[in-house]
Amino acid sequence: MAIVVNMPRLSDTMEEGTVAKWLKSVGDKIEEGDILAEIETDKATMEFESFNEGTLLHIGIQEGDTAPVDSLLAIIGDEGEDISSLINGGGGASTSEDSSEEASVTESSSDDNEEQGSGEVPEGVEIVKMPRLSDTMEEGTVASWLKKVGDDVEEGDILAEIETDKATMEFESFYSGKLLYIGIQEGESSPVDAVLAVIGPEGTDVDAVLNNKSGGSKKSSAGDTKKEESKSTETAEKKEVAKPVNDGERIFASPLAKKIAADKGIDLASVSGSGDNGRIIKKDIENFTPSAATAAPAASASVKVDNAIASQPVSMALPSGEEGTEEVKNSNMRKAIAKALGNSKFNAPHFYLTIEVDMDNAKASRAQINSLPDTKVSFNDMVLKACAMALRKHPQVNTSWNGDTTKHHKHIHMGVAVAVDEGLVVPVVKHADLLGLTQIGSAVKDLAGKARNKKIAPSEMEGSTFTVSNLGMFGILEFTSIINQPNSAILSVGAIVEKPVVKNGEIVVGNTMKLTLACDHRTVDGAVGAQFLQTLRYFVENPVTMLA
């Protein structure tokens with residue numbers, strides 16, 4: 001079925017785009033992730049990737065032409081498919097009736113704007129809208145504001161942390177000025193393009209700006225601004241006391257500060273922040289020294305309690321604790337994970353196959369490889385490489401169910417499950433079968449680091465054809481995973497254990513690891529899955545074959 005590709009909104013202020021160059025021609029085969037065109041926005045010229053596969057059937061905007069956001073850019077589908085209805089109905093060739101209707105709507109809009117005011121935003125004032133930070137994002141949640149009303153904002157400053165359906169990402173300001181208004185409070189969710197903030201010169205009438213922009217009444221905005229200013233004053237007063245930044249519900253800290261604190265075992269609740277709005281930053285963690293003052297009162301209290309207990313008769317009364325529950329709002333990422341895994345588990349008929357692999361040669365080979373200068377390879381890297389090579393020999397596993405058809409992927413993109421604070425993300429190592437072990441190791445390390453520090457781009461988590469999930473580092477011996485659709489299979493990797501094994505008729509000490517393959521029975525039959533695991537076992541048990 002043909003897919004209509006519209007002119008994307010590549011920046012928060014983009015209203016129209018110009019096609020600088022087409023990198024594909026009509027009739028070309030398109031793979032997911034291919035660069036379709038270079039598009040000029042109001043800020044830069046950016047490469048635009050395809051999120052679909054098929055044949056490029058139609059180009060709606062020629063090189064050098066400019067068109068509004070959401071105009072028909074291209075159509076991708078099956079070769080020979082009839083797309084005349086899409087071209088005529090998708091904005092490619094408007095009828096005279098459409099044009100007259102469009103003109104009347106424009107006139108009506110003009111009349112409305114005249115009634116509501118000029119509708120023009122004063123010079124130097126910028127309305128910042130909720131950005132679309134991923135291709136599937138419909139709404140975003142403000143996790144934390146890093147600036148408050150009244151703060152000076154420079155271009156490039158981080159305004160807020162925003163939760164999308166894929167990750168929590170830092171959102172930079174494209175403008176300089178005063179933060180005059182915050183439209184979405186922390187913890188609140190709003191659709192893409194909702195008013196997020198207003199930046200401009202001090203003294204700007206924000207109420208008038210919002211009324212002109214939205215065409216609606218915003219009576220409460222002035223009051224909200226006053227509340228924000230009052231809040232800012234209170235925050236400034238509290239900051240002078242140098243107390244830890246903890247409102248009883250969440251602690252404000254940068255992602256890097258959280259990671260360093262976790263590594264050092266530091267409780268963020270006991271750290272005072274020196275960043276914007278009292279936010280805990282990297283240097284606060286590095287300079288933090290645990291105070292011994294809290295230990296003395298605790299010891300003193302313990303002595304008093306012990307004395308009090310000793311002086312009282314022993315009571316046989318059973319302790320009575322308090323019952324309590326806390327309801328925590330689900331993040332957009334958690335909702336997306338629940339929806340995706342639920343759809344996979346309930347729609348795809350899963351079956352599981354498990355093998356036990358001899359890891360003696362793998363351990364010896366890894367030790368030899370890592371003895372080389374500037375070389376570091378993990379067992380997970382070896383499994384990823386082995387999977388990529390096995391997929392090349394068993395292409396039926398490298399497929400996707402598509403209703404009436406099955407997609408057979410010519411490329412091999414390995415998804416790697418990575419645990420982050422908010423849940424689980426799956427960065428993708430592209431063309432893993434063409435990479436060496438050290439290249440795979442470097443790619444995984446880089447992507448995992450970006451994911452944990454909230455720096456990973458949505459494009460780096462898209463397009464996987466097979467996924468690997470490894471819980472071996474947690475001591476898990478064997479487990480099953482839910483397929484990461486649209487993949488047809490996912491491999492679960494357990495821990496390497498030392499145990500008695502039989503070799504050449506004798507019981508000796510060996511190292512083994514269990515691998516479990518979850519398959520979608522719509523695309524992968526039991527025999528196909530079993531043959532894939534046999535090939536995978538061969539590569540893992542004989543690492544020299546992966547270096548050839």
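How many salt bridges does a search of the whole structure find? In this predicted model, the search of the whole structure finds 15 salt bridges. Three of these pairs are set out in the table below, each with its nitrogen-to-oxygen distance.

| Salt bridge | N to O distance |
|---|---|
| K29 and E79 | 3.5 Å |
| D157 and K147 | 3.5 Å |
| K503 and D360 | 2.5 Å |

**Charged pairs and their surroundings**

The side chains of K29 and E79 form a salt bridge, and this pair links distant parts of the chain, since K29 belongs to strand β3 (residues 29-30) while E79 sits in the loop between β8 (72-77) and α1 (84-89), 50 residues apart. Both K29 and E79 are exposed.

A salt bridge also joins the side chains of D157 and K147. D157 is found in the loop between β11 (152-153) and β12 (158-163), and K147 in the loop between β10 (139-145) and β11, so the pair ties together parts that are 10 residues apart in sequence. Are these two residues buried or exposed, given that buried means under 20% relative accessible area? D157 has a relative accessible area of 23% and is therefore partly exposed, whereas K147, at 8% relative accessibility, counts as buried.

The side chains of K503 and D360 meet in a salt bridge at 2.5 Å, N to O. Because K503 lies in strand β25 (residues 489-503) and D360 in helix α9 (residues 360-370), the pair ties together parts that are 143 residues apart in sequence. K503 counts as partly exposed at 28% relative accessibility, and D360 counts as partly exposed at 23%. Which residues are linked with K503 in a network of salt bridges? The network of salt bridges links D358, D360 and K503.

Strand β25, which holds K503, is part of an open sheet of six strands, with the order β17-β26-β25-β24-β20-β23 and mixed pairing. Why is one side of β17 and of β23 left without a neighbour in the sheet? β17 (350-358) and β23 (428-429) stand at the edges and each has a single partner strand, so one side of each lacks a neighbour in the sheet. For β23, pairing with strand β20 (residues 414-416) is in the antiparallel sense and runs over two bridges; within this pairing, M414 has V429 in β23 as its bridge partner. Helix α12 (residues 526-541) packs on the sheet, where it touches β17, β24 (466-470), β25 and β26 (506-520), and its direction makes about 25° with that of β17.

Another helix to consider is α10 (residues 379-393), in which N380 lies. N380 counts as buried at 14% relative accessibility, and, leaving aside residues up to four places away in sequence, N380 touches V416, V468 and N470.

**Strand β14 and its partners**

Strand β14 (residues 177-182) is mostly covered, with five of its six residues buried. Two bridges join β14 to β11 in an antiparallel arrangement, and D152 has K178 in β14 as its bridge partner. β14 also pairs with strand β16 (residues 195-200), in the antiparallel sense and over four bridges, and here the bridge partner of K178 is G200 in β16.

**Cysteines**

How many disulfides does the count come to? With a disulfide taken as a pair of cysteine sulfur atoms within 2.5 Å, the count comes to zero. Among the cysteines, C387 is buried, with a relative accessible area of 0%, and C519, at 0% relative accessibility, likewise counts as buried.

**The protein as a whole**

The protein has 13 helices and 26 strands, and buried residues make up 39% of its 548 residues. Of the contacts with a separation of 6 or more, 62% are accounted for by residues 24 or more positions apart. The accessible surface of the protein comes to about 29700 Å², and 50% of this surface belongs to carbon and sulfur atoms.

How values were computed:
Residues are numbered from 1 along each chain as its sequence is written. This is a predicted model: local features need pLDDT of at least 70, side-chain atom pairs count only at pLDDT 80 or more; totals for chains, interfaces and linings use all residues. Side-chain values use heavy atoms; hydrogens and water are left out. A salt bridge is a side-chain nitrogen of Lys or Arg within 4 Å of a carboxyl oxygen of Asp or Glu. Buried means under 20% relative accessible area, exposed over 50%, partly exposed in between (1.4 Å probe, protein chains only). Contact means heavy atoms within 4.5 Å. Accessible areas come from the Shrake-Rupley method with a 1.4 Å probe; for residues, only the protein chains shown count as cover. Two strands pair if DSSP finds at least two bridges between them. Axes are lines fitted to C-alpha atoms, for helices over the stretch in contact, and angles run from 0 to 180 degrees between N-to-C directions.
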